Amino acid sequence: MLSTLRNSVLWRFVEAQTITCTTLRIRGYQQQRRLNTTTRIFSEKYNIILMGSPGSGKSTVARILSKKLNKPSIDIDNDVLEPMWGKKISEKLKEKGSKAFIEEEGKALMTVKAENSIISLTGSNPLHDEAMRYIANTGYVIFLDYPAKGILQRLHKMKIDRIVGQEMGTPLTDILDHRQSTYEQAYDIRILCEEDESPESVSEKVVQALKVLEEDQGYVSTRQDVKSVSPHERTTLGEILLQGLAPDGGLYVPALQIPILTKGEWSRLVNVGYRDRALRIMEKLINPFDLHPSKLRLFIEKAYNSELFSDEKIFPVRHLQDNQFLLELFHGPTGSFKDGALQLMPQMFVDALRHSQPMNSSRYIILVATSGDTGGAVLDGFRRHAEGSGVGVIVLFPEDGISEVQRLQMTSMSGGNVQVLGIEGDFDLCQAMVKRAFQDQDLASWLAANGNFKLRYKNAANSITWGRLLPQIVFQVSAYLNLVEQKVISLGDEVDVCIPTGNFGNILGAFYAQAMGIPFRRLICASNTNNTLTEFINSGKYDIRSRQLQKTQSPAIDILKASNLERFIYHMSNRDHQLVRKCFKDLEENQCFEVTGQLLEDIQGLLVGKWCSEAECLQTIKKCFDKTGYLLDPHTAIAKFVADLVNDGDVPMIINATAHYSKFIPQVLQALGRKKDMKEKSVSELFEMAHKITEAPSMHSRLEECVKSASTCEKVLKPNYEDVEREIKIFSHKI
Ligand SMILES: *Cc1c(COP(=O)(O)O)cnc(C)c1O
């Protein structure tokens with residue numbers, strides 16, 4: 001069973017490789033070699049291949065590992081090259097020059113016939129593609145990623161004179177830079193080494209990393225007993241991305257403990273850019289079998305770049321006032337924090353789809369009903385990153401239930417593999433249409449017969465999917481690291497985080513960031529008048545029996561059932577799946593549940609819940625603007641209001657700015673007392689008004705273009721299921 005399962009996982013790698021290879025310039029031996037490999041780590045066959053800069057201590061680590069794991073170790077320099085050539089490496093390098101040296105070194109590496117050994121490569125081995133492909137095929141490449149500064153010091157001390165490139169007078173720093181980028185392309189597992197970390201400690205990290213691989217970072221449902229699920233029964237990342245919700249109604253969580261980084265490891269992430277942070281954090285959370293780091297890197301580069309995000313920091317943190325800072329999450333294409341997840345997730349989704357069905361060509365239509373920001377971000381993400389991949393998106397929005405800017409934004413995106421349909425009705429009606437389509441057996445058979453389509457309800461793309469949580473963990477971590485980088489705090493200092501919360505997804509990202517070792521002191525959960533979460537945090541009672549959803553000026557958090565809360569309770573109760581099951585069954589059946597005792601105390605020790613009224617929201621926008629010149633959107637204003645309520649001034653407070661104010665421009669201008677000037681003005685004119693008022697934050701240029709051009713093709717349907725069904729069928733021919 002295990003080997004067939006692995007087989008299919010491995011096969012999926014190879015298949016995907018052929019696709020990414022052609023389009024995305026990738027070296028790609030990492031995955032190709034999985035073709036013949038069905039056994040796992042610590043098996044009789046596999047080599048553990050250590051790669052890293054000269055001076056990173058590979059040979060010493062190899063010797064220690066050799067003892068620990070009871071495997072022979074081979075040092076390519078000392079055990080292969082020097083005996084074969086009968087001379088010192090430095091002599092050979094002088095004699096041949098870099099180019100010929102690398103060639104000969106590569107040929108020599110390809111004569112190595114080791115199994116079950118610890119192989120310590122030379123620093124220049126990875127420069128030879130073919131040889132590297134050969135050796136990588138025999139095991140796992142472990143990258144000892146040492147800080148460059150430490151390496152330089154060591155090399156100077158050791159007076160090393162046998163580094164390729166050195167003989168031509170290239171400065172050592174340049175050589176190391178180039179090496180680093182070569183290594184970055186070639187590893188299966190990265191070991192983030194601390195400054196001056198001892199070889200003993202590094203080798204212990206290698207052992208731990210291999211153990212994680214062996215134990216398999218799969219996923220389980222929050223309603224499943226994690227102890228009763230053996231590693232090979234755990235669901236893979238690809239499967240959970242495609243499924244969304246678990247079959248038992250629970251949400252997927254990682255089966256293993258969330259990895260914790262040490263202070264020394266975090267310090268390696270302080271002075272690097274967002275993409276590098278994202279890769280290093282996510283590769284800790286993802287099994288390389290599921291998504292290889294070489295591929296993850298490409299996805300990250302395609303998601304977080306200056307073409308899509310208007311700030312080079314991607315999610316910058318800026319000072320607002322006193323101890324308060326804003327984490328600006330709105331610089332993405334659609335102006336809400338959801339872009340942060342939805343520029344990445346569709347790439348992972350498509351990848352998972354390709355892997356899961358190498359033999360058939362099943363295609364997907366994802367149906368989404370939206371009342372605001374989700375629709376735009378989903379459309380943009382899938383349009384940009386999934387066109388031509390057999391995945392299409394249809395978004396249904398209520399004609400009279402979303403803001404004008406949101407409507408213009410969505411309708412301007414219709415075309416290609418995405419389609420936007422306005423429905424004459426409210427959000428509930430849209431939701432009902434989506435549900436009905438999903439349950440419609442005739443439609444399902446028709447789609448299957450006419451192009452092998454699967455229809456996915458929106459839970460493949462909404463905030464409960466793990467694929468959206470992963471990137472959210474990254475930006476919460478990154479916000480903290482930014483404060484360190486900006487020297488507001490020192491690494492290890494505590495900060496508070498305040499988040500306008502609807503489905504509990506964003507704040508859960510902060511929770512996982514904390515679990516990874518980021519010292520968030522309090523997670524402050526800000527609600528609007530739909531304040532179920534406030535009540536829950538303060539009383540342990542989650543009770544929506546007498547509640548009705550209220551429409552507010554912060555519609556993205558108009559939510560009664562915060563779905564991601566299930567994951568939070570699961571972790572806080574130490575994975576008590578029975579308790580989780582009971583709570584959420586109760587919620588489904590009786591519209592309420594309660595937690596008490598130690599669990600409630602623990603929850604209250606971490607979360608603070610407060611809410612903000614409609615009037616207070618507008619007042620906050622005005623007050624904040626008067627005091628700081630900065631314009632908040634209504635969601636951010638909710639968080640700002642709550643942040644003020646609970647602020648004790650002891651530690652910095654990161655307030656999540658989840659949308660650009662221009663998305664809700666009428667409310668914002670109204671809050672500033674400009675209602676009179678707004679009469680009979682188009683949105684585009686309102687943008688002009690805002691321009692004159694402030695440049696903090698600067699205008700969201702994509703949104704501005706969108707409302708100005710207004711070249712939208714809008715399709716509005718009567719609230720009639722048959723019409724929706726027909727549109728789905730027509731759309732299916734286009735993907
Ligand atoms: C979606 C959204 C939220 C709520 O995030 P959750 O993860 O659902 O808690 C807050 N603000 C804005 C602007 C949003 O679009």
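Throughout these legends, contact means heavy atoms within 4.5 Å. This is a predicted model, where local features need pLDDT of at least 70, side-chain atom pairs count only at pLDDT 80 or more, and totals for chains, interfaces and linings use all residues. Residues are numbered from 1 along each chain as its sequence is written, and side-chain values use heavy atoms, leaving out hydrogens and water.

**View 1. Cys583 in helix α25.** Let us start with Cys583, a residue of helix α25. Helices (H or I, at least four residues) and strands (E, at least two) are DSSP runs, numbered from the N terminus. Leaving aside residues up to four places away in sequence, Cys583 touches Phe593 and Val595. Is Cys583 buried or exposed? Cys583 has a relative accessible area of 5%, so it counts as buried; buried means under 20% relative accessible area, exposed over 50% and partly exposed in between, using a 1.4 Å probe and protein chains only. Cys583 and Glu566 are 17 residues apart in sequence, and their C-alpha atoms are 8.7 Å apart in space.

**View 2. Val220 in strand β6.** Here the focus is on Val220, which belongs to strand β6 (residues 219–221). Val220 is buried because its relative accessible area is 0%. Who are its neighbours? Not counting residues up to four places away in sequence, Val220 touches Val226, Val229, Arg234, Leu251, Tyr252, Val253, Ala255, Tyr570 and Arg575. One of these, Val253, is 33 residues from Val220 in sequence and 5.6 Å from it in space, C-alpha to C-alpha.

**View 3. Helix α12 against helix α21.** Two packed helices are described by the angle between their axes and the distance between the axes. For helix α12 (residues 263–270) and helix α21 (residues 466–485), the axes come within 9 Å and cross at roughly 80 degrees. Axes are lines fitted to C-alpha atoms, for helices over the stretch in contact, with angles running from 0 to 180 degrees between N-to-C directions. Angles under 35 degrees count as roughly parallel, over 145 as roughly antiparallel, 65 to 115 as roughly perpendicular and the rest as oblique. Trp266, Leu269 and Val270 of α12 meet Val477, Leu481, Val484 and Glu485 of α21. The contact of α12 with α21 comprises six nonpolar residues, no polar ones and one charged. In this grouping, Ala, Val, Leu, Ile, Met, Phe, Trp, Tyr, Cys and Pro count as nonpolar, Asp, Glu, Lys and Arg as charged, and the others, Gly among them, as polar.

**View 4. Helix α23 against helix α26.** At what angle do the axes of α23 and α26 cross? The axes of helix α23 (residues 532–539) and helix α26 (residues 597–606) cross at roughly 120 degrees and come within 8 Å. This makes α23 oblique to α26. From α23, the contact draws on Phe536, Ile537, Asn538 and Ser539, and from α26 on Leu600, Ile603 and Gln604. The residues of the contact of α23 with α26 are four nonpolar, three polar and no charged.

**View 5. Around the ligand.** There are 15 residues around the ligand, and Lys338, Asp373, Gly502, Asn503 and Thr658 come nearest; a residue is near a molecule or strand if one of its heavy atoms lies within 4 Å of it. A side-chain N or O atom of Lys338 is 2.5 Å from an oxygen atom of the ligand. A polar backbone atom of Gly502 is 2.8 Å from a ligand oxygen atom, and a backbone N or O atom of Gly505 lies 3.0 Å from an oxygen atom of the ligand.

View 6. Most residues other than glycine have a negative phi, and most peptide bonds are trans. Phe504, in the loop between β14 (495–500) and α22 (505–515), has a positive phi near 70 degrees. Phe504 counts as buried because its relative accessibility is 2%. Asn574 also has a positive phi, about 55 degrees, and sits in the loop between α24 (565–572) and α25 (577–590). With a relative accessible area of 68%, Asn574 is exposed. The peptide bond from Ala696 to Pro697 is cis, with omega near -5 degrees, and Pro697 is in the loop between α30 (683–693) and α31 (701–709).

Notes. A polar contact is a pair of N or O atoms within 3.5 Å; within protein, one must be able to donate a hydrogen and the other to accept it, and residues adjacent in sequence count only if both atoms are side-chain atoms.
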